[in-house]
Amino acid sequence: MSKNGRVAQKTLFRGVKLEYDVGMRETWETIVCVFDNPRAVGWMLFVVFLAAGWLVNRGLRGVFRRLRSAGKLPLQVLRLAEHAVRTVVWVIFLVQALHAVGVDVVSLLGAAGVVGVAIGFASQTTLSNLISGIFIVSERSLRLGDTIRVSGEEGVVESIKLLSITLRKYDNALVRIPCEMLIKNPVVNLTREPLRRCDLSLGVAYGTDIHRVRAVVERVAAAEPLVETQPELICRFEAFGDSALELTVGVWCRRDVYHQARFSFAAALQTALDEAGIAIPYPTRSLIVEPAQPEQKS
């Protein structure tokens, strides 16, 4: 390369370096100007706090997912705890973000407190449900998947929240029941114990030997695969009905096959009673018509 070429190359390098230095200086001056502007810094912190809150909530979601997989705590407790913790984390980061852009958070919280008091007086039922929900969750009387009966509604517990629970009925309809109703009314948990008794009302004709009826019931129960042999079945006399001797028959089965066992046992019992010649009577009424008495002439 000639001497003039080397000089031109050095000049070009100096020009590029000078332009690079000028660009870096302008960029740095722009950054310094941004950081010298409190409003710009505040909005940058606003974005940072919101991004940090989102990341922390994602981490908490993974932590609670692992806790649910471990199965050491009730599922409904973990769901409520996750919702409460993630809400508190969001509130903390949101307050910091609003404070960064100059929002008077103290005044905002004061106004929210006044509004909250007014809303509290106007929504006493909601507060009652909230307190009832806290008691239900703390005592763990209900679990997800339990089959319960309350206020004439029966179904499987789908969700447990602080204000209400959701039941899925046997026809797949969802019923929302306020927690206050669960505290004020008796709740029958049908699946808390591993075994459940199938009770059937049975009426047999007058003149039937009820000891023979009991023997038929015991034979049918012993032959049914879904019926448990222990505890012992019951065959209890209830009353002398209008048309039949009224009995109650109860056999035990596993809670997960309750409806199948009830249907199977009832069908087998009906067949066995027919084969034994034991009648299940229809309700009957006897009408006695007396002849009219002739009128006596005065």
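Helices here are DSSP runs of H or I with at least four residues, and strands are E runs of at least two, numbered from the N terminus. Arginine 66 sits in helix 2 (residues 38-70). The model is a predicted one, where local features need pLDDT of at least 70, side-chain atom pairs count only at pLDDT 80 or more, and totals for chains, interfaces and linings use all residues. Residues are numbered from 1 along each chain as its sequence is written, and side-chain values use heavy atoms, leaving out hydrogens and water.

Is arginine 66 buried or exposed? Arginine 66 counts as exposed because its relative accessibility is 58% (buried means under 20% relative accessible area, exposed over 50%, partly exposed in between, with a 1.4 Å probe and protein chains only). Arg58, Arg61, Arg65 and Arg66 form a patch of positive charge on the surface (patch residues have over 30% relative accessible area and no salt bridge, with like charges joined within 9 Å and nonpolar side chains, Val, Leu, Ile, Met, Phe, Trp and Tyr, within 5 Å).

## Salt bridges

Now to the charge pairs: there are ten salt bridges in the structure, each a side-chain nitrogen of Lys or Arg within 4 Å of a carboxyl oxygen of Asp or Glu. In helix 6 (residues 179-184), lysine 184 and glutamate 180 are four residues apart, about one turn of the helix, and their side chains meet in a salt bridge at 2.7 Å, N to O. Lysine 184 is exposed at 62% relative accessible area, whereas glutamate 180 is buried at 18% relative accessibility.

Arginine 236 pairs with glutamate 238, their closest N and O atoms lying 2.9 Å apart. Elsewhere, shared partners link Arg214, Glu218 and Glu232 into one salt-bridge network.

Key
Accessible areas come from the Shrake-Rupley method with a 1.4 Å probe; for residues, only the protein chains shown count as cover. Lys and Arg count as positive and Asp and Glu as negative; His and the chain ends are not counted. The place of a charge is taken as NZ of Lys, CZ of Arg, CG of Asp or CD of Glu.
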